[in-house]
Amino acid sequence: MVHTMKRITLLLPVALLLGPAVLGAADKAAGKPSVAQLEQFEKVIRPLLARRCFSCHSKSAKKLKAGLRLDSRTRALAGGDTGPALVPGDPDKSLLVQAIRYAGDYKMPPGGKLPPEEIRTLTEWIRAGAAWPAGGDTVDPSAPFDLDARRKSHWAWQPVKVVEPRPLPEGTPEKLISWATSPVDQYVLEQLLARKLAPAADAEKVTWLRRVTYDLTGMPPTPAEVDAFVGDQTGQADQKVVDRLLKNTRFGEHWARHWLDLVRFAESRGHESDYVTPNAWEYRDYVIRALNSDVSYDLFLVEHVAGDLLPTPRRHPVKGFNESILGTGFWHMGDWCHSPVDVRQDEADRRDNMVDVFSKTFLGLTVSCARCHDHKFDAISQDDYYALSGFLKSSGFRLVRFETIDHNRRVARRLAESRRQARRRLYAAVRGEIAAGLANLPAYLLSARDVIAAGVPDDAAAQVAAANARKLDVQRLKRVIAHLLAAEKNVLDPLHAWARLCRVPGKPTAEAVAAALDPLRKNWAGRRAAAESALAKSRLLVDFTRLEGRHWRQDGSSFRTGPVEPGDFVMTDDPARPFGQVFTRGGAAWDRAFSGLAVADGSENENGKLSGWIRAGRTIRTPTFQMKTGRLWHLVAGGGHAFASVNSHRLLHGPLHGRTVAGWDAGDNRPRWIHQDLSRLAGHQAHIEFSSKGDSPLQLFMVVESDRQPGDPFAGDAVAALTSRFDAKQAGTLEAAAAASARLLKTAADWSRNPSPNDATSQAVVLDWLVRHVPLLVANPAASEVKMSMAAGGLLAMEKRLVGEVKKTSRLAMAMWDGSAANQNLFIRGNPKQRGKEVPRRMLQALGGQPIKVTDPGSGRLSLAADLVLGGRNPLVARVMVNRLWHHLFGRGLVPTVDNFGVQGQAPSHPELLDWLADRFSRERWSIKTMIRRLVLSRTYRMSSRPSDEAVAADPVNVWLHSMRVRRLQGEAIRDAMLSVSGRLDMAYLGKSVPVYLSAHMIGRGRPKSGPMDGNGRRTIYIGVRRNFLSSMMLAFDTPQPFSTVGRRTRSNVPAQALILMNDPFVVSQAGLWAKRLLAREKLDTDGRIDSMYRQAFGRRPTDREREAASGFLVEQGRRYGLNDEQGPGDPRPWSDLCHVMFNTKEFIFIN
Amino acid sequence: MNHCHRFLPAPTTRREMLMQAAHGFGGVALATMLAGEKTPAAVATGAPGPLDPKATHYRAKAKRVIFLYMDGGPSQVDTFDPKPALAKFHGQDPHRVFKVEPTQFNNIGKVLKSPWAFKRYGESGLPVSALFPTIGEHCADDLCVVRSMIAPFSEHTNANFFLHTGTGLQGRPAHGAWVAYGLGSECQDLPAYVVLNGGLIPSGGLDCFGSGFLPAAFQGSVFQPGNSPVANITPRESKPELQSAKLALIKRLDRNLLGRLGRVDQVESAIANYELAARMQMAVPDLMDLSDESKATQSLYGLDDSFANTRKYGRLCLVARRMVERGVRFIELTCTGGNGDRWDQHNRPPGGRVDPRSEATRAARRDADRVVRRVRADAVCPGRQRPGPQPLRIFDLAGRRWFTCRICPRGDRRIRIPCGRGQGRGLRPARDDAAPDGHGPQAADLSLLEPRHEADRRAWAGGARVAGLDVAWRRNGKSVDRRAQARACLTRTEGVHQAISASMTSPATSVRRKSRPL
């Protein structure tokens, strides 16, 4: 208190001094603070804030917390990360008050609750308007994030600018001038000369061949290839080699591995139990094929981002399946948690990984740094992060039937068209048949009444007499009588009202007619009232009967091409009676044409709780909604499965999220409510994915949230048509009532010609009745059936033919499933529980991203993809990719930080060369092969790896490319080379992965069955990648752990590498196989075999010393095995040891 | 270089980095710094290896870490953190008493008080439950018990990743990998970071010991029980001379290659690597062979115990000691597998399934008493548990879940008083303890290994974020900014702190920290 008193005495004069001046500047909304109020502020409030809050929330705070400052009114009103701290006049809405009361999410100050009187003081002050003199505001903009300034100041955002190579300076020796054989060389040479460096000499031919063969295919050249190349004197030898290598399918296998490093490719989800990522290998094969067929990189990129949305997807040239859609599988390669306790956080983490991989891979940007705050260095705002994240929010996961989806969709479209015709023509046929019968129906009804009212409905004579009285067909009259007797018991029959009147004796007055119909009207009214209140206290989440086209999202075609409409019908196999089920309610309806869908052998289904039935190609999803109570009710008919994807979580193992899956049997196929209780997840976002259970005729009408079971909202529709014709006015007399009954039917028949949506459901109910009761309206039913058969026959045949075209079996692959458009709310400080403003989906602002149009029906990924590659707006895509190619061929990128072109990355050593290449790349059809060809045929790539001493002294890191780098092979290439020389290599192309071999040291939960030690001889790219069981050989040789983009592998040097090459049973066994293969060549003597060995392993012949060393070793080692000197060179053991030595020489694992 | 905590450094070797920085000036500096301690590998090639020992800024109080990973985590309220208030709520619906977070199985029952009585031991008055009587008697004053750690995960795998790497997600470098990266190793015949596997690999698998984006050299090497503890350590050749002949020829051929290529660092290092590998082939069997230990020592470590798992675990402890003697930097012991011998208490209290009393007591005694006393006093030996159970009854008996204690022998005589208290009811640390969140253990280890902190620090009341740039110790309720000190460390330890800051902090933490600013 002593301190407080001091402050007051010090501050008081200042407050009084400032008073009048301040008043004018005070916030008008808060009213004019009185002098007394301001005095109170300075006396009490400011000291209190200073004492309790300023250490974290003021300009003088060492570290400003939550971005909130309480030392200025403007700042306090603007608030911090979580919004305004105060609402003058309303303490209850003020975050500050909640915090000091310890009532909300924040409990401030953190060290302990304030004494009650201080809380009261602050509360009252805010209630009184939070009077605060403005004079104390010293605006201190703490270095605001300036995106534009950052964009302008960093090289990577600038457009690609081509500066053609400059002529070399005067006096450059001719030898150097002629050294450059391509523009690439000219750029390199210019920089070398500027630093007084000279390029290294050309490498030896064989060195170059080994280099280029490994770089392009990841395999060593065969002796035959070496001979052919060395012997080629045409002057075109290099080009021929490069063209041959680029055509080889090994090219795609090798370069696909580079790509898989970027997209954290793996075939399991990691985490606790390492569940399978189904069919991930299909994506790997897609990449291999795309690289081999040199798909232009811009298309490759578009396919990754939005391959599922391309109007004309790329197809496999032979098998015809949809290639483009497979690209989207990369989004789903991340590690997934199977039972996250906090699904919101889990979703945020999954999406973060997707944004991270996307932005690093394609843009060389670390966008995910902006998850919690604007990027610390780059022109990337937090808004940018959530703008990208929104695309993912509007997109989901599926296993797509990529082999058949497009075909079946076309079939479904033709089926829909054929059914539209059938509907038109069959209803027309029915109308033609019954037109006359409808006109004279009132006469029949009156005659039938005569008979029934007389109490003799079954009396043949009475029937004949009644018929004759009005000149009617007696057989038809009989049918009408029989129907009326039955309809009397069915209150929903269109003739029920008339059936009742038939029981009114004599010739009733208008009052009697009205009286007879009164209870009926009450009954109908009751039903309508019940229907109207059916959904009271329910929250309608999804209405399938009114689902707009933009929300119609199904995987496959099992739910037709859109919702069924009232009056649509399923045809029976009997052309005489073609009307099967007539849909009286709209909604999503299962199409039996797509029953029996199956999964091809070798394809994997989803796992966990979603593995029990096939969802691929059989599923429809609702838009995403936010649950309030989580007590969901689905109005359905038929048997089905519902999977509620809450926060897009779908790896369902364990009990925690078990309720997100529901299943029910068909029962009597009547509409009913299915309950799914997700109240534990109340407040979360979810969408539901429905599919039929065992091809049951599932129909979906709506999803609501309600504490109790709702009623049937359609119950009133069945009586609506009846009510409209039998109100008191229209049915005054018997004649009028008969005419009303007929008009009721006539209206429905007319509606079928021109179906308006207004009273569709009620008209469809009558129409359904009408098509089943044609005999009541015609004299000769048999003749009608014949005519109907003629009308229906062709249509039925067409339907059958189309159904026969449906392809039932397909392989599955992971793909995007576009959801309905939704933007992402920013998470304050990256916390998914603190939702900030909604950010429109768009490309990064610094790359000219504009919010995508709100009319765009889906995620808008296609426009994101277009923003990436079209219009030359984006300088990064081409630069990043050519730099990656350069990195793999030269061992170091022009921008060494290949995944980070931001401020924290390194600047390009040769910016003009980089831009020239990027420009070429985009102008030459984005062809990866063309670019690689250009690079490996350059003089730069041809240089020897032996630099001059001066060059090493001046440029030890070889930034300026004075020589080629000596590079260790990637682990994959080392293993493949062993298989190749040992003869064990199985050259099979593509296909399901061979399970990884598990040594005794590879242990842990979810350990799968071990694969064969030698991987069946397949290339390493075909060996399974299980996140928790990565090949230990590959790990030791720096194959990255798949968690994010790794464009540049470490090249480490650890004892484990030596131990593997020395002692791993795989290596030893391959040495044995190689030895066997050499010994089998009987024509060769020992020296010949040693020669062959060197040629296979290193592409060259041994020197004499090497040959001597080898043959000496054979003899010596033979002796150690107890062999004599003649036996040694013929025994497999010393040979095997020699082969093993070859694997262990550095020449085997390095290229120079 | 004020990175945000989510920044992943591009994989650059130290050498590469230093060579690039100021055109090789850094390389010169490094060579000078390490001049006194050139390893054979470095001598052979003139190039520093990744595991060469690195200088620390301050004289370290500890040089190595033995990390006893107790899978499952016995609850703090049953071990070192008495919660008498629980008795009051015993048998009640927890939802009325606590804020109950969902768990993976979510079968939460009733509140359960501790079935064990507590007693205070030693000068420091450390409370220890009847579950660990021997610990109390033997070494209460040698322990530092941190009772205020909290993990934002109530699910096995995330919690394991968090405990091992500081991030609840897969793919980050493990604590041991960081230590190896930052300090190198004093033993060039063995890996710097070893996991002695008792049989139970934690949920999350080998990724708990991974090197993440650090070079492969720093990943944990898992030593298995049995004859071939390390992958590929045993020569395949039937006679040693067969292998040495091969190695001789390899060397000869490689020398030829060097003649052709000129001096290429990485090829030279790869050649030197073979010498190291060959030495490891010798060193590992020597390490694992306990026959040179006296009968008394073997008995002290429980190698003659009647309980198989005790024998197994005792063996691991003894091997760990031998590793420490040989200079291995970071050793982690996992639990013995089989027989349900894990500390996980899903449904039952300790004593329900197997009696962990014997195991627990012995383990703890071994940890604290024998291992530490016998081993040179330069090892930090944290017995660290996976975030443990909350004091809730599940089914009839009990299981507890939430946060955890950490025991470590003092590396500093002044650390004596147990600090941090779980909140009265045992769910969270008491608010005024300023919980050093999940990074406390890493902070603790690093503080003993490297930078010197407050000399008169009486307690671990640390609001410690192991971000080298953002270490603020809370002492006596006041915040002491150590940033400047940390920054000084940074310049001398070549980015290790910066890297640590990248790995050891997680978004989840910053989220939590928001509502509980330090």
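Contact here means heavy atoms within 4.5 Å. The model is predicted, and local features need pLDDT of at least 70, side-chain atom pairs count only at pLDDT 80 or more, while totals for chains, interfaces and linings use all residues. Residues are numbered from 1 along each chain as its sequence is written, chains are lettered from A and ligands numbered from 1 in the order in which they are written, and side-chain values use heavy atoms, with hydrogens and water left out.

View 1. Leaving aside residues up to four places away in sequence, L363(A) touches F358(A), M843(A), L844(A), L847(A), L868(A), N874(A), L876(A), V877(A) and V880(A). A nonpolar core is a set of buried Ala, Val, Leu, Ile, Met, Phe, Trp, Tyr and Cys residues joined through side-chain atoms within 4.5 Å, where buried means under 20% relative accessible area, exposed over 50% and partly exposed in between, with a 1.4 Å probe and protein chains only. Of the 137 residues in the largest such core, Y297(A) and L363(A) touch the most other members. Helix α29 (residues 876-890) of chain A gives the largest share of this core, 10 residues; helices are DSSP runs of H or I with at least four residues, strands are runs of E with at least two, and both are numbered from the N terminus.

**View 2. Stacked rings of W1074(A) and F1143(A).** Rings of Phe, Tyr and Trp (its six-membered ring) pair if their centres lie within 6.5 Å, and planes under 30 degrees apart count as stacked, over 60 as edge-to-face and the rest as tilted. By this rule there are 33 aromatic pairs over all chains. One of them is the stacked pair of W1074(A) and F1143(A), at 5.4 Å centre to centre with 20° between the planes. This pair links distant parts of the chain, since W1074(A) belongs to helix α37 (residues 1065-1079) and F1143(A) to helix α40 (residues 1132-1144) of chain A, 69 residues apart. W1074(A) is buried, with a relative accessible area of 0%, and F1143(A) is buried, also with 0%.

**View 3. R592(A) in a loop of chain A.** R592(A) lies in the loop between β6 (588-589) and β7 (598-599) of chain A and is partly exposed, with a relative accessible area of 43%. Not counting residues up to four places away in sequence, R592(A) touches V570(A), M571(A) and D573(A). A polar atom of the R592(A) side chain lies 2.8 Å from the backbone oxygen of M571(A).

Technical notes. Polar contact = N/O pair within 3.5 Å; in protein donor to acceptor, adjacent residues only side chain to side chain.
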